[in-house]
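Hi everyone, thanks for making time this morning. I'd like to walk you through one model, starting with how its elements are named. Have a look at it while I talk.

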Amino acid sequence: MNPRLDLLKPYPFARLRQALQGINPPAGLPVIPLHIGEPKHPAPAVITDALTAHLHTVSQYPLAHGLPELRQACADWLSRRYNGIVLNPETQILPVLGSREALFAFVQTVLDGSESKCKPVVVCPNPFYQIYEGATLLAGGETVFANATAPRFLPDWSSVSAEQWERCRLVFVCSPDNPSGSVFRLEDWRTLFALQDKYGFVIASDECYSEIYFDDDAPMGCLQAAAKLKHSCRDIVMFTSLSKRSNVPGLRSGFVAGDARLLEKFLLYRTYHGSAMGLPVQHASIAAWQDEEHVIENRRLYAEKFARVLPVLQQRFDVKMPEASFYIWLPVPDGDDLGFAQELYERAGVQVLPGRFFARDTAQGNPGRGFVRIALVDEVSRCVEAAERMVSL
């Protein structure tokens, strides 16, 4: 067996199940699960219609590179969404089976775990999406965490030592962030690009929450920032997905875009990995990337939830509107996020995720401790009811 498998830590949801063992919610009170970020809004008809219309194509093998029409649809969407950036759909865009699969596989492509002089470092935000760490460990790398704390909840790059930067091969960025909803601004990208110029690492920008925002200005993406700052897109890739944007997490569809040199190697890896997207899903994805009406409606639904839920929570909690995403990163009054989650489930039947499960202990502490993540994915009335139960408790 691969000994590196023993390095993997339990997923946050597995840790929550363990923490709630033996704890029962109140009898007769429906449980409201707000711990998993799984969109519950209906899948748009424009996507399901295209999917069913192309079911006959299941008899054909798909190619890892994807249909030219899909790559073009992705390139067109990027141009519309990010102020006219132009990418070559043949060499700079690659369809993937959702961002999670692609993030994991990309690390295996970038890292050389056999480096004899030093173990390669991957720098991650902390709290973080656990795929970043698992992919790094299985690729033979070392994860270094940059804590994200109040008020902006962005990674503190200064906590990474010069020696660690020298060994850094890859930096993960998540903007909009999971779990805090924070967003990188132009100056934040400028700072990261300056570090990249100095140390020569690859940037992997996880942007799967980019379409859930509430101001007129959409969150700035990594490639967009590079174009605006006239910074080369060499060694930069962005990951996006239809799961959150279009409420189709089960479709397993997204794409990676950026440095053609990296994507050429990534495509080679994926050809052997067997991760080609099925043709019905590709056609459904084309329809999804070409349509914005369902995305606008999706944002409206999430905005309504925040407008209804936050005033309730603010009666008892110091909580603010996130810049983006569908999460509330709620500070727990006494700082005991785990005890809070357990008591909330036992006495009010509401499931939330303790922040410490999203983060790792560092010399600067565990930045998730004292927070819980609330995913506003259920229908409005149930989200409001959950907030009322929390306030009452």
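A quick convention first: helices (H or I, at least four residues) and strands (E, at least two) are DSSP runs, numbered from the N terminus. This is a predicted model, where local features need pLDDT of at least 70, side-chain atom pairs count only at pLDDT 80 or more, and totals for chains, interfaces and linings use all residues. Residues are numbered from 1 along each chain as its sequence is written, and side-chain values use heavy atoms, leaving out hydrogens and water.

Let's begin with phenylalanine 153, in the loop between strand S4 (142-149) and strand S5 (154-155). Is phenylalanine 153 buried or exposed? Buried means under 20% relative accessible area, exposed over 50%, and partly exposed in between, with a 1.4 Å probe and protein chains only. Phenylalanine 153 has 17% relative accessibility, so it counts as buried. Leaving aside residues up to four places away in sequence, phenylalanine 153 touches Ala148, Ser180, Ser182, Trp329 and Phe371, where contact means heavy atoms within 4.5 Å.

Two strands pair if DSSP finds at least two bridges between them, and S12 and S13 are joined by two. Leucine 353 stands opposite arginine 373 in S13.

Now to helix H12, residues 293-313. Its 21 residues reach 31 Å from first C-alpha to last, close to the 30 Å expected at 1.5 Å a residue; that expectation is 1.5 Å times one less than the number of residues. Among its buried residues are His294, Tyr302, Phe306 and Leu313. Looking down the axis of H12, the buried residues fall within an arc of 150 degrees, so they line one face of the helix; the arc is that of the directions from the helix axis to the C-beta atoms. On the other side, Glu293 and Ala307 are exposed. What covers the buried face includes helix H2 (45-53), helix H14 (380-392), and both S10 (327-331) and S13 (371-375) from our sheet.

Finally, let's zoom out. The chain has 14 helices and 13 strands, and 58% of its 393 residues are buried. Its C-alpha trace spans about 55 × 55 × 45 Å along the principal axes. Thanks, everyone!
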